[in-house]
Amino acid sequence: MPLPLVPGAALRAGRQSTAFLRFGPEDTALLQEDTVFTLEAAGTQRILARLEIGVAVLRFSKAEARKVQVRTPAAALTARGAGTPASG
């Protein structure tokens, strides 16, 4: 049974595991092993999260037009099919 991830809560995908998050019908995050992800704020217009360590694959619907910010200590970013350019 899925459990809600409330703002301020952290999720850790441990060794040899993954975690799947659903923010909306087409908005998802897949956390690879040894990843720590904290949801700082979530609403219909904005998602703010922190990726402490690890790898997260985020997919968001263009139709939702939600602002997504992910804070990281260091990052590599790839954006495909985005209607607007990524900003830092």
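This is a predicted model: local features need pLDDT of at least 70, side-chain atom pairs count only at pLDDT 80 or more; totals for chains, interfaces and linings use all residues.
Visitor: How many helices and strands does the chain have?

Guide: Helices (H or I, at least four residues) and strands (E, at least two) are DSSP runs, numbered from the N terminus. Here the chain has zero helices and seven strands, and the pattern along the sequence reads β-β-β-β-β-β-β.

Visitor: Is A41 buried, exposed or partly exposed?

Guide: Buried means under 20% relative accessible area and exposed over 50%, with partly exposed in between (1.4 Å probe, protein chains only). A41, which has its place in strand β4 (residues 35–42), has a relative accessible area of 24% and is therefore partly exposed. In the chain of 88 residues, 23% count as buried.

Visitor: Which residues does A41 touch?

Guide: A contact means heavy atoms within 4.5 Å. Leaving aside residues up to four places away in sequence, A41 touches P7, R46, I47 and L48. V6 is 35 residues apart from A41 along the chain, and their C-alpha atoms are separated by 8.2 Å.

Visitor: Where does the second largest pocket get its lining?

Guide: Rolling a probe the size of a water molecule over the atoms shows where empty space is left. On a 1 Å grid over the protein atoms alone, a pocket is an open set of points where a 1.4 Å probe fits, with protein on both sides within 12 Å along at least five of seven lines, and lining residues have an atom within 4 Å of a point. Grid points are joined across faces, edges and corners, and the volume is the space filled by probe spheres set on the points. The second largest pocket has a volume of about 270 Å³, and the residues that line this pocket include P2, L11, F23, L39 and A42. The elements that give two or more residues to its lining are β2 (19–22) and β4, and β2 supplies the largest share, three residues.

Visitor: Which strand holds L30?

Guide: L30 lies in strand β3 (residues 28–31), and at 31% relative accessibility L30 counts as partly exposed.

Technical notes. Residues are numbered from 1 along each chain as its sequence is written. Side-chain values use heavy atoms; hydrogens and water are left out.
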